[in-house]
Amino acid sequence: MSATDFAGSRLLHDARTLGVATYGGVAPLVCASHLPQAHLLKGVIGRDQPVVELWSGRDEAHDEIIGETHCRFNGEVLFATVSVLVSNDGNDALGAATYTAYRSLLDALQVTGYPHLLRIWNSIPGINVDDGGLERYRRFNLHRYKAYTESKRPTESGAPAACALGSYGGPLVLYCLAAKTPAEPIENPRQTSAYRYPQQYGPRAPSFSRAALWSGAGSDNDVLFVSGTASIVGHQTLHLGNVVAQAHETLTNLQSIVAAAISRGARDVTLLSDLMLKAYVRHRSDQPLVRQVLAGHGLDADAVLYLHADICRADLLVEIEAIGPARSVEIKTETIDTQDSRSRSSSDSQALRESG
C-alpha cells in the first residue's frame, strides 16, 4: 500500500478508529495526525518500510487532549498516547520523563472516565543505558511506581499487562488501552510476579501483571492481553547467550500463562496458537532462529510481527507478547509504501478490534 493509498484508507478515516501505532520510519505519519499516534523507533525485521497498526472499536469514537495525552474513546474502551522528550540535562532524565508521562496519562484516564488500564506499551530510548548510576529501565520502574501510588493506582495485583522495550533514540512513548471496567490480572506460576522481584533488579520492582483478562460490556467472550514475556523462571534469566533456548523457554512461559487464564475461566482460549504474537529480538541476525522455534512449536511463524528492539534486561535476547483470541480481536498490519500487506484477523469482534 502506498502512503497515498493509506491516507485514503477507509479505516484511517472511520469514526470507529481509536488510534495508530507506527513501527519504524523517521517521523509520525502526517496522514494520521488527527488520531492518537504512537511513533515507535524500532526496526521492522523482514520489511524495508514502516508497519502501521490501526486500533478500532465497535462504536463511534471521540477525541480529547488532556495535558500531554491524546485520547480517543467510544464509551467502552479508550486508546491513548503520550510522548515526552528525555532531557540531556543532569541525572535521572528518563525518570523525570517517565513521571511526567505517567501522571499525564493517569490524570487523563480519570478525567475521561476510563480509569482501568488494561494494557500499556512503553518505548524507552536507551533502555539498558546507565543514567546517573542507575540503568534507565530501573529508573523507569521507580518513577512509574511513584506516579501509580500518587494516583492511587494498583502497583501489584491489579496492575495492567505491560511491556517495556528499547527504542533507538527519540522520546519516551507510551500507548495504552483503558476501559470503564477492570480486567482480571493473571500471573504465571512458573515466574515470580514482577512486582515481587527482589531488589537486585532495582530499587523498585516493575509494576505490571503477567496478563490481563478482560470482557467488554455485553460481550460473550474475553480478550487476553499477555505482557511481554521472556526467558525468566522464578525471577532469574535462563539460558544466557542462547537465543534458541531463550525462545523455547519464553514459549513455555506463554503456554503457562494461557493455562492460568483458562483456569480462571477465559473463553475461546484453548492453546497459545489461539493468540496473535509479536516478537522483539535484540539482534536482527537472531530472527530466523526465533522464527524456527515458533514454527517448531506449531505456531504460524509467518503471522508474527518481528521487531528489532532492546529488551528490559540486558541479558535477554527475545521477548514475545500475545493478544486474542481471534474471535475477540482483529489485527491487520500493513507496510507503508510497499505492496506487501498481511492480515492477522477474525471476521468479527465482540469486545475490541485492533486493525491496521
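Is H239 buried, exposed or partly exposed? I looked this up and found a relative accessibility of 33%, so H239 counts as partly exposed. The cut-offs that I applied are under 20% relative accessible area for buried, over 50% for exposed, and partly exposed in between, with a 1.4 Å probe and protein chains only.

**Basis of the entries**

The model is predicted, so I note that local features need pLDDT of at least 70 and side-chain atom pairs count only at pLDDT 80 or more, while totals for chains, interfaces and linings use all residues. Residues are numbered from 1 along each chain as its sequence is written, and side-chain values use heavy atoms, with hydrogens and water left out.

**Backbone entries**

I next located H239 in the loop between β15 (236–237) and α4 (243–263). For these labels, helices (H or I, at least four residues) and strands (E, at least two) are DSSP runs, numbered from the N terminus. The phi of H239 is near 65°, which is positive although the residue is not glycine. I recall that most residues other than glycine have a negative phi, and that most peptide bonds are trans.

K152 also has a positive phi, about 60°, and is not a glycine. I found K152 in the loop between α3 (136–150) and β9 (161–167). Its relative accessible area is 75%, so K152 is exposed.

I then examined the peptide bond from G324 to P325 and recorded it as cis, with omega near 10°. P325 belongs to the loop between β18 (318–324) and β19 (331–335).

**Strand β4**

How many residues of β4 are buried? I recorded six of six for this strand, residues 51–56, and so β4 is mostly covered. V51, E53 and W55 point one way from the strand, whereas V52, L54 and S56 point the other way. I also looked for the pairing of β4 with β1 (residues 17–23): six bridges join them, and the two run antiparallel. Two strands pair if DSSP finds at least two bridges between them. S56 of β4 is the bridge partner of T17.

**Buried and exposed sites**

I looked up S209 in the loop between β11 (184–186) and β12 (211–214). S209 is buried, with a relative accessible area of 0%. Leaving aside neighbours within four places in sequence, its contacts (heavy atoms within 4.5 Å) include E156, G158, P185, I186 and S227.

T98 lies in helix α2 (residues 93–112). T98 counts as buried because its relative accessibility is 0%. Not counting residues up to four places away in sequence, T98 touches F140, H143, R144 and L172. For T98 and F140, 42 residues apart along the chain, I noted a C-alpha separation of 6.0 Å.

D300 sits in the loop between α5 (287–296) and β17 (305–308). D300 counts as exposed because its relative accessibility is 53%.

**Cysteines**

How many disulfides does the rule give? A disulfide is taken as a pair of cysteine sulfur atoms within 2.5 Å, and the count comes to zero. C176 is in no disulfide, and the nearest cysteine sulfur, that of C71, is 7.5 Å away. C176 is buried at 0% relative accessibility. For C312, the closest cysteine sulfur is in C163 at 9.4 Å, which is too far for a bond. C312 also counts as buried, at 14% relative accessibility.

**Cavities**

I searched the whole structure and found two cavities of 30 Å³ or more. On a 1 Å grid over the protein atoms alone, a cavity is a set of points where a 1.4 Å probe fits but cannot get out, and lining residues have an atom within 4 Å of a point. Grid points are joined across faces, edges and corners, and a volume is the space filled by probe spheres set on the points.

The second largest cavity has a volume of about 60 Å³. Among its lining residues I listed Y23, K42, W121, C163 and Y280. The largest share of this lining, three residues, comes from β8. Strands β8 (116–125) and β9 each supply at least two residues. By class, I recorded seven nonpolar, two polar and one charged residues in the lining. Here Ala, Val, Leu, Ile, Met, Phe, Trp, Tyr, Cys and Pro count as nonpolar, Asp, Glu, Lys and Arg as charged, and the others, Gly among them, as polar.

Definitions and conventions:
On a 1 Å grid over the protein atoms alone, a cavity is a set of points where a 1.4 Å probe fits but cannot get out, and a pocket is an open set with protein on both sides within 12 Å along at least five of seven lines; lining residues have an atom within 4 Å of a point.
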